[in-house]
Amino acid sequence: RKEGERFVRFRKKMSGGGEGGEDETTLEFTPTWVVAAVCTIIVAISLAAERLLHYGGKYLKRKDQKPLYEALQKIKEELMLLGFISLLLTVSQNGLTKICVPPGVLRHMLPCTLKEKDQKESQLPKSHSAFSFPGIARRLLADRLLAEAEAAEEAHPKTSFCSSKSKVPLLSLEALHHLHIFIFVLAVVHVTFSVLTVVFGGARIRQWKRWEDSIRKENYDTSKVLKPKFTQVQNHEFIKGRFSGFGKDSALIGWLQSFFKQFYGSVTKSDYVTLRLGFIMTHCKTNPKFDFHKYMIRALEDDFKIVVGISWYLWLFVVIFLLLNINGWHTYFWIAFIPVILLLSVGTKLEHVITQLAHEVAEKHAAIEGDLVVKPSDGHFWFHRPHIVLFLIHFILFQNAFEIAFFFWIWVTYGFDSCIMGQVRYIVPRLVIGVFIQVLCSYSTLPLYAVVTQMGTHYKRAIFNEHVQVGLVGWAEKVKKKKALKAESQGSSHDQEGSSTSAGIQLGSVFQKKASTPEDNASVPKAEGSN
């Protein structure tokens, strides 16, 4: 066994790796076919990924999915940022490894103790116990070769740049490589989890389409529309579900009901019908047939490009965590509670907004003529800013992705028994919390956000303008075709020219008006310009 260990040491010395090193051959001594093959594979994979994103964008544009197309562009921007980070780390690695510091500087704020490091290194020689060299001649040959290698090393010592100064590198090449991989894994996991959350949440929201269809069908029934209607507020299903019953006058019980409501039936049909009517009566009163469900889906898709990105404050969070990941603090365990607390707070707040809308109507009216209508307002949201909810959801999804990415990165890189991984009693709760956050956010919080945030004072102007433009262009094309057919039937080229001019004038006059919906030209008083 001793001869085997000495022979392995000899091989490493001859390869230039030093003690514990590996064979490192420069590009000038690497076969050309290896270089060409590796380059071909890397370029082929990169081009395939680029073409996939390109054709995905063309498909979304062809399907008129502008918000999702913009989200795809955001993903491309994140990939470009990752590529730049990768290039920067690769180019600067030689310079970083030559930054030398005294050994004492690197003995503080360690994820693992130096004692654990010594124990790990003491186990490494056991991996070479399988080597044996029977026979006196072979043993003597190994001794002579090793002695020659050690003598050559003493004559021409191969010390590292920092070792020659009796210092250590600020960051080793291996540690830099691991950091490189972690950043890439984090970005990929975040984008993947964001996509899964929006896909599953969107699937639940699309289940509400049948509610929208039934409402629109009732609006086409003239016998019901023209019939006078009086609503007893206390008997309305929306009020009974959100206002009546035990504790309706207690703010504390109201918040507790909102907290538990997010876990079951977060949005009922009566909630959807009432919130939909409140939105329409506020922003497009003259168009009761407005497709609120389609608008809500497009607004959620528009927000997706924000959720899928990694903003500067999220990178700042990563840096702070890496700074505080000190042995004995169990930082990775305690920060797992941050997203779950925020998620429960957001869900409770969104449910409480619906409850507040019900209280406003129930406290003011006993009976009303027509349907029950709630009044949207920014005053129901934190700091009168509904978009704070989107910011929190963005942070929650990223932090949860960070926890999962960090777990699997440690597992693959250092093993499940690594000191950074920690004990099982700290690992299992983190995984359970991560799964809980992903399920609750997809099943409850995101659908709640999609409908409740429409109860703000403003609406998304960009979504309305898109519908208006599509509707008006389609109408103008119909006018042109109708005029052209009429002119052809008369057989007069002069009339044909006049018809086209008339259609153009009508189109211009319509675009000068500020329409509120794709089906109606009534003005809309309030709009959210930035969103």
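Which helix gives the most to the lining of the largest cavity? Here are a few notes on this predicted model, with that point taken up in the third.

1. Let me start with the overall picture. The protein has 19 helices and four strands. Of its 531 residues, 37% count as buried. For contacts between residues at least 6 apart in sequence, 83% join residues at least 24 apart.

2. One cavity of 30 Å³ or more is present in the structure, and the volume of the largest cavity is about 60 Å³.

3. Back to the opening question: H12 gives the most to this lining, with four residues. Helix H6 (173-206), helix H12 (292-307), H16 and helix H17 (424-452) each supply at least two lining residues. The lining includes Thr197, Phe304, Leu390 and Tyr449.

4. Why does Glu403 count as buried? Its relative accessible area is 5%, and Glu403 is therefore below the 20% cut-off for a buried residue.

5. What does the side chain of Glu403 pair with? A polar contact of 3.1 Å links it to the side chain of Arg430. Beyond neighbours within four places in sequence, Glu403 is in contact with Tyr332, Ile335 and Ala336, as well as Arg430.

Notes
Residues are numbered from 1 along each chain as its sequence is written. This is a predicted model: local features need pLDDT of at least 70, side-chain atom pairs count only at pLDDT 80 or more; totals for chains, interfaces and linings use all residues. Side-chain values use heavy atoms; hydrogens and water are left out. Buried means under 20% relative accessible area, exposed over 50%, partly exposed in between (1.4 Å probe, protein chains only). Contact means heavy atoms within 4.5 Å. A polar contact is a pair of N or O atoms within 3.5 Å; within protein, one must be able to donate a hydrogen and the other to accept it, and residues adjacent in sequence count only if both atoms are side-chain atoms. On a 1 Å grid over the protein atoms alone, a cavity is a set of points where a 1.4 Å probe fits but cannot get out, and a pocket is an open set with protein on both sides within 12 Å along at least five of seven lines; lining residues have an atom within 4 Å of a point. Grid points are joined across faces, edges and corners, and a volume is the space filled by probe spheres set on the points.
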